[in-house]
Amino acid sequence: MGVSSAVGTAPRALPGPADVPAAYGTVAAPRQGLSEQGFGWIAAHGGAGTTTLTGLLGGIDLGCRWPDAALREPAKVLLAARTNAEGMRAAGRALNALREGRHPAGMRLVALVLVADAPGRLPLPLARRIRVLRSIAPLYRVPWMPTWRLGIEPTRVPKELFGLADAVGADRDRPGSKR
């Protein structure tokens with residue numbers, strides 16, 4: 001179909017809206033929007049930790065993209081980034097896109113979640129950057145967990161996850177417990 005034959009017949013067009021009999025009328029597409037149910041994790045960059053956070057606290061891992069209204073993905077989102085320089089630059093770019101309205105209608109940022117990229121204290125320039133980001137959005141920090149690096153669940157969940165569990169409505173008594 002749609003390819004000319006050797007005898008010279010014209011290609012047939014696929015049926016379009018004009019080919020639908022008037023008796024059937026037109027059917028409006030259902031209006032879709034973001035879901036008010038649940039929450040999603042957006043990675044500001046690759047390796048931000050959204051898969052780990054989804055496993056610990058639930059929600060939907062959206063990867064490095066905004067939620068899709070056609071898929072009825074959650075309106076409430078958390079933006080995750082690592083605490084290294086590139087991670088915080090990526091978080092800044094994403095927050096700027098939000099400020100400029102370059103996101104789906106109805107999407108709401110719950111918080112920025114910074115996941116430690118290494119053990120120990122942050123260098124002063126990165127700590128200053130966190131203060132700037134904290135002035136823009138609610139901010140939660142997740143500490144360095146050596147067991148995560150090995151793909152092992154920690155025996156003790158970091159206490160910093162309890163406040164984050166409250167923010168997303170996860171089971172506060174047992175963040176990280178499998179549902």
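In this predicted model, Gly40 stands opposite Val77 of strand 3. Strand 1, residues 40–43, and strand 3, residues 76–82, are joined by four bridges in the parallel sense. They belong to an open sheet of five strands, paired in parallel and arranged in the order 2-1-3-4-5. Strand 2 (60–61) and strand 5 (139–142) form the edges; each has a single partner strand, and therefore one side of each lacks a neighbour in the sheet.

Two helices may now be placed against this sheet. Helix 2, residues 85–99, packs on the sheet and touches strand 3 as well as strand 4 (108–115). The direction of helix 2 makes about 155° with that of strand 3. Helix 3, residues 124–136, lies across strand 4 and strand 5, and runs at about 140° to strand 5.

Which residues of helix 3 are buried? They are Leu126, Ile130 and Leu133. Because these residues cover an arc of only 65° around the axis, they lie on the same side of helix 3. An α-helix has 3.6 residues a turn, so residues three or four places apart point the same way. The buried residues of helix 3 pack against helix 2, strand 4 and strand 5. On the face turned away from this buried side, helix 3 carries the exposed residues Pro125 and Ser135.

Note on methods. Residues are numbered from 1 along each chain as its sequence is written. This is a predicted model: local features need pLDDT of at least 70, side-chain atom pairs count only at pLDDT 80 or more; totals for chains, interfaces and linings use all residues. Side-chain values use heavy atoms; hydrogens and water are left out. Two strands pair if DSSP finds at least two bridges between them. Contact means heavy atoms within 4.5 Å. Axes are lines fitted to C-alpha atoms, for helices over the stretch in contact, and angles run from 0 to 180 degrees between N-to-C directions. Buried means under 20% relative accessible area, exposed over 50%, partly exposed in between (1.4 Å probe, protein chains only). The arc is that of the directions from the helix axis to the C-beta atoms.
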